[in-house]
Amino acid sequence: MTGTEVQLANQIGRSGLEAGHVGRKRWRELSARSVTSSVRVQRPTEKSRTRANMPAVSKGDGMRGLAVFISDIRNCKSKEAEIKRINKELANIRSKFKGDKALDGYSKKKYVCKLLFIFLLGHDIDFGHMEAVNLLSSNKYTEKQIGYLFISVLVNSNSELIRLINNAIKNDLSSRNPTFMCLALHCIANVGSREMAEAFAGEIPRILVAGDTMDSVKQSAALCLLRLYKTSPDLVLMGEWTSRVVHLLNDQHMGVVTAAISLITCLSQKNPDEFKTCVSLAVSRLSRIVSSASTDLQDYTYYFVPAPWLSCKLLRLLQCYPPPEDGAVKGRLVECLETILNKAQEPPKSKKVQHSNAKNAILFEAISLIIHYDSEPNLLVRACNQLGQFLQHRETNLRYLALESMCTLASSEFSHEAVKTHIETVINALKTERDVSVRQRAADLLYAMCDRSNAKQIVAEMLSYLETADYSIREEMVLKVAILAEKYAVDYSWYVDTILNLIRIAGDYVSEEVWYRVIQIVINRDDVQGYAAKTVFEALQAPACHENMVKVGGYILGEFGNLIAGDPRSSPLVQFNLLHSKFHLCSVPTRALLLSAYIKFINLFPETKSTIQEVLRSDSQIRNSDVELQQRAVEYLKLSSIASTDVLATVLEEMPPFPERESSILAKLKKKKGPGAVSVNELEEGKREGGELNGGGERGDNSAISTPSPSADLLGLRTGPPVTAAAPSAGSLLVDVFSEAGPFFILFILLFVCKNNGVLFENQLLQIGIKSEYRQNLGRMYLFYGNKTSVQFITFTTTVTLEPLIEGGAQVQQVINIECLTDFSDAPLLNIKFRYGGALQNLTLKLPVTINKFFQPTEMASHDFFQRWKQLSLPQQEAQKIFKANHAMDTEVLKAKLLGLGMALLENVDPNPENFVCAGVIQTKAQQVGSLLRLEPNAQAQMYRLTVRSSKDTVSKRLCELLAEQF
Amino acid sequence: MQFMLLFSRQGKLRLQKWYVPLSDKEKKKITRELVQTVLARKPKMCSFLEWRDLKIVYKRYASLYFCCAIEDQDNELITLEIIHRYVELLDKYFGSVCELDIIFNFEKAYFILDEFLLGGEAQETSKKNVLKAIEQADLLQEVSTQSVTSEHLCKCIATPQ
């Protein structure tokens, strides 16, 4: 038994004798070491659970009923029994609250407290708020206190209640009774709602700076204001109070300074100029604390450390500002920082972990400030040495923090070299630390200290660590290795080796960005292309290699296989057979990439043509059920058989170099590391790079790029890669080989949900314009058929026979009358047939007639809207969709679209001004369908939530579908 | 600090204090996730971990875990001592505190916390001062205040403005 265990056992033994503590487990301040003996400590609790054990003595006023209830709950054997007991209690409380007999304050307090307990157990509470509010006006302190606690925990946005609560708070704030004022301030700080900010943000600064306010009230007021500032910064205006608030740093009462400094720090971050006088005050306060003897500050000394919380906060406040300009102030501050660093070397005044934690908390905060200033080489190097000592400390916590702190130190030019001297310790930490979060810190630090001089060592260590690394950190490790390898590559063969190793060791964690990047670099640097081809060829020899390896291999051999074809061991056919042996194990995108590699092989090595054509011609390719694979097989087969060698050479020319740009991997890492660090553009760019690289994996991707991407010129000008084969818009050789197919314009109908006029369809021959108007359940549509060619269209027919002839360049008009009989979801079809230069053209279009065209807008007041909204509460009457914004979230554009929808856009209905609500009635011959709509944009997430309620379920559903595509 | 949670080794939540506005659903989700994460950690591991974009600082006292979520720039070690000071306050108030004290007198545990931390920041770090405030409140319980205040409030409730 260790010493601690003996002590604990004694403690438990003794507790058995003490009245009121029978069988209770104690947990007086256990150090980390004693936690290990907790099995022993646990036993008495197990035993005691069988008894209905309540503490015999309860501090303050006991509520016996509450204690009995809690102990009942604890004795419940199952979840069901607990729920049953709770329901019984809820019924009891409800009847007590509803009963005729007025409850006395004590009972009310007891029941409210029980409700609170039930809520904290995780059950819903839907009554008792009013009783809690009543308690606020009790003249008994404990009743008031319980009332406030209930309100603090169970805030209800019920506006009626908020007003009552605010009234009670107002009374207590003006009571001049400091305990009541504190209770009220605590409540505001705990709830922190906007309504409270509106009511009290003006009053609290006055209380904070008033000369006759008690210290304890000042403390509460300061932090209360901080909380309100965090939720509603626009409502908390310090204005004239600013300088008096700053001067709270000079207050005699340490508690007041401690509370006030949190507020000042927060305000300084937002308005540094207005609060900059706090710097010299903070420095002098800090200097007084740092130089005080350990007993000077009495109760503010914590385990022989003078005012650790206040010291940390002072150092934190100073980090909101640059180094002080005033030489004297700066000198004093540097002195403080030196003293703090010196104290770290002194022998500890206590062996307790609390002493060292408090002392080191100040030290780490001081180091943060030194790093923030980044201007005192001497201090930076001292900080680095200090952290170096911590790297080998026996406390895991200190090792963790030292690694974390050194990471920021590594980026300073003054201390980068000093940090590098600890490389061996850090590598050791990566290998031997037992806690994954510490290893993660070590990996971060290695990444931060890496430069040209140690890159090879660090990358090698990280790679070898990767083999055993935790799954949770592998992806990030892979990204970091990839970035370091690229950034510090002197010879690119090392880079290629590293990335291929990365794929071999952790292929599953190698994201697309990583393997795209290696291909980009190989393509851009001709000195490494031969080496890359040779290395991937060797890597592919492994019987089981990762699919990412096949991708890189396929791409690189397709481009540069010729560079190693001279060696009979890697002759063209050997290369092809090697790649094709992997084909059947791969996913569709990889197979598509391999097919592109094969067609490139035909160009590089004419002798492989017949073998490859054989493969392409096989049923498993040319009749593949996957449309992309089938299309590639068909197109490539056709291309290889009809195109001349010259054409083939032009089409399948080597990929041109990629434009230099920021590594997409870096962008990805930034994204992982924190939102806001990288713009969406960069990431999209990464994706686009992907599109061009893997040979246009998806047809949709290519045609979706409407704005010219930085790579567009690359595709258009050199017409090299087979990528273009897949893009219908490219208009290159390949496209002409096949007839233009595809009913892709069906989607055009969605463009007309919010507007009535526009171009419905257009190709090289024909343009169809549309104009339409609707009233009630009737509509009229004008169709304009324009012939864009100079040749006549003959026997032009639509489902309704029209003019049999449209002259070249001419336009004819068709009018369609529409009547809406009942609600519908499928639009009517329009079939058009005509002859153009002898060829029969056949076209089927959906007419842009959607249910919303028959909307009659309905204006209504907020009250009516919510009443009707509630009336439509059947689950099937509501349709809801949450979707990503496809367009910029511009309020005016949204408004225009909603108006175009045909409903009335109602202002001042939704309590949230960002939201839109609309109302309208759909007129059909059979019935009228009232519909309400609510659209909630979330600008931050770039998402919308759309809710539609209408009296007919099919209508809600259809409207929701139509609209979800509009925004 | 964004929130503080106290839970037992069995994963039962004993105290929760939230300093940022969150829905009940989110609170429950966070609690579930964190309790699981922290309970899965071994005794000798370090007391800090990264979780979402927050830093979690936790410490175990016998059967109870104290767990705080702080922001990126907050100091981990001083937060560890915030936890310890709170334990000391509970210990002093209840006289050798144990988990049962917190279960049966949960409201007191909340009151003590409110005197010590407010809005997620330290309000009063002196043990003596915090306990003085709590004991004063305990003494006050039966002392009635001027009835003017409550009469005035009753009027307000009767006639909503």
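**Figure 1. The interface of chain B and chain A.** In this predicted model, 87 residues of chain B are in contact with 97 residues of chain A, where contact means heavy atoms within 4.5 Å. Between them the two chains bury about 8300 Å², 56% of it on carbon and sulfur atoms; buried area is the accessible area, found with a 1.4 Å probe, that two parts lose on being put together, summed over both. The size of an interface is often given in this way, as the accessible area lost when the parts come together.

Residues are numbered from 1 along each chain as its sequence is written, and chains are lettered from A and ligands numbered from 1 in the order in which they are written. Because the model is predicted, local features need pLDDT of at least 70 and side-chain atom pairs count only at pLDDT 80 or more, whereas totals for chains, interfaces and linings use all residues, and side-chain values use heavy atoms, with hydrogens and water left out.

Figure 2. The largest share of the side of chain B that touches chain A, 12 residues, is supplied by helix α2 of chain B, residues 76–94 (helices are DSSP runs of H or I with at least four residues, strands are runs of E with at least two, and both are numbered from the N terminus). The rule also finds three salt bridges across this interface, a salt bridge being a side-chain nitrogen of Lys or Arg within 4 Å of a carboxyl oxygen of Asp or Glu. The side chains of A:Lys313 and B:Glu121 meet in a salt bridge, with 2.6 Å from N to O. A polar contact of 3.2 Å joins the side chains of A:Tyr303 and B:His84, and A:Tyr303 is placed in the loop between β1 (301–302) and β2 (305–306) of chain A.

Figure 3. B:Glu76 belongs to helix α2 of chain B and is buried, with a relative accessible area of 6%; buried means under 20% relative accessible area, exposed over 50%, and partly exposed in between, using a 1.4 Å probe and protein chains only. Leaving aside neighbours within four places in sequence, the residues in contact with B:Glu76 include A:Tyr400, A:Leu401 and A:Glu404 as well as B:Phe48 and B:Lys55. The side chains of B:Glu76 and B:Lys55 make a polar contact of 3.1 Å.

**Figure 4. Two residues of chain B with positive phi.** B:Ala62 has a positive phi of about 50 degrees although it is not a glycine, and this residue sits in the loop between β4 (54–61) and β5 (64–70) of chain B. B:Ala62 is buried, at a relative accessible area of 3%. B:Ser96 likewise has a positive phi of about 50 degrees without being a glycine; B:Ser96 is found in the loop between α2 and α3 (99–104) of chain B and counts as buried at 14% relative accessibility.

**Figure 5. Aromatic pairs.** Over all chains the count comes to 25 aromatic pairs, where rings of Phe, Tyr and Trp (its six-membered ring) pair if their centres lie within 6.5 Å, and planes under 30 degrees apart count as stacked, over 60 as edge-to-face and the rest as tilted. The rings of A:Phe883 and A:Tyr944 have centres 5.5 Å apart and planes at 35 degrees, so this pair is tilted. A:Phe883 lies in strand β12 (residues 878–884) and A:Tyr944 in strand β16 (residues 943–950) of chain A, so the pair ties together parts that are 61 residues apart in sequence. Both A:Phe883 and A:Tyr944 are buried.

**Figure 6. Salt bridges over the whole structure.** A search of the whole structure finds 41 salt bridges over all chains. One of them joins the side chains of A:Arg194 and A:Asp234, at 2.6 Å from N to O. A:Arg194 counts as partly exposed at 37% relative accessibility, and A:Asp234 counts as partly exposed at 46%. A:Glu936 forms a salt bridge with A:Arg945, the closest N and O atoms being 3.0 Å apart; here A:Glu936 counts as buried at 13% relative accessibility, whereas A:Arg945 counts as partly exposed at 34%.

Methods:
A polar contact is a pair of N or O atoms within 3.5 Å; within protein, one must be able to donate a hydrogen and the other to accept it, and residues adjacent in sequence count only if both atoms are side-chain atoms.
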